[in-house]
Amino acid sequence: MDKRNLTFALFGNIFQANKTVYIEQLLSLLKMKGAKLVVARDFYQYLVDKLGMRIQADGVFHGSDYEADMVLSIGGDGTFLQAASNVGERGIPILGINTGRLGFLADTSPKDMEKTFDDIFNHRYQIEERNLLHVVCPEQPLRGYPYGLNEISVLKRDSSSMISIHTTVNGIYLSTYQADGLIIATPTGSTAYSLSVGGPIIVPQSNTIAMTPVAPHSLNMRPIVLTNDCVITLEVESRSHNFLVAIDGRSETCRQGSKLIIKKAPYTVKLIKRLGHSFFETLHNKMMWGVDGRE
């Protein structure tokens, strides 16, 4: 990859009007490095029409109609997930610049941008490959992107009663979860929705899947960690005769009786990380592990 002719595709959060200083800093850095920049059309229009910014870009694209050496996501983890779904199986590495809150995926802070791009243009970075999950519904083809970098969840559609989730692993019956839902999470997603309902934190390269029930009726229903070569099949019963399938926060309704088949996706998402970056350092910084709250 010729460092003098890198092309970046930029995706961004269109609800962070107070973070324009970071966007201006990013654009200035790329211009100074002589990089080419193409911008997602919705983000470009937001910057120009809503924020009144003057953007010097080499192109504006819609959907996945672009060519780039790297993808930049400026926002939070939600923005990163959208960029990852746009990249799909094209294998373009993604750098997440965090202008949101916690930021496990978008973990480059704005104050580190200059150093980060110095490293990128001098090939001092590493690529981490993260597994995704793929969900198929034979009875009712899903309309949206069926791959989840964080998680695939089944959830009750209303606030009235629990759903029953009959679960098999590799064709062997495991359990029927009577709960508000069930989260199937990758190691990447173990620090997202799954963590908030008591799921385990999993090291990214562990090649595992976590299944965590949401508000289970029985206290015996605990999270379980499986190897990621397992095939998980879910059949859902609901008094409302439907339920939600949520893939990285994008949800759609499925009919009762629909079967969901979940397994490891055939491709990975590539994350750009600074050399020396450690997942345990991220846990320490983001979750304040080791910090004595009494001080």
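Strands here are DSSP runs of E with at least two residues, numbered from the N terminus, just as helices are runs of H or I with at least four. Two strands count as paired if DSSP finds at least two bridges between them. Keep in mind that this is a predicted model, where local features need pLDDT of at least 70, side-chain atom pairs count only at pLDDT 80 or more, and totals for chains, interfaces and linings use all residues. Residues are numbered from 1 along each chain as its sequence is written, and side-chain values use heavy atoms, with hydrogens and water left out.

Let's start with the open sheet, whose 6 strands follow the order 13-12-11-8-15-16 with antiparallel pairing. Its edges are strand 13 (224–227) and strand 16 (250–255), each of which pairs on one side only.

Taking a disulfide as a pair of cysteine sulfur atoms within 2.5 Å, the structure holds 0 of them. Cys137 is in no disulfide, and its nearest cysteine sulfur, that of Cys254, is 4.5 Å away. Because buried means under 20% relative accessible area (exposed is over 50%, partly exposed in between; 1.4 Å probe, protein chains only), Cys137 counts as buried at 4%, and Cys230 counts as buried at 8%.
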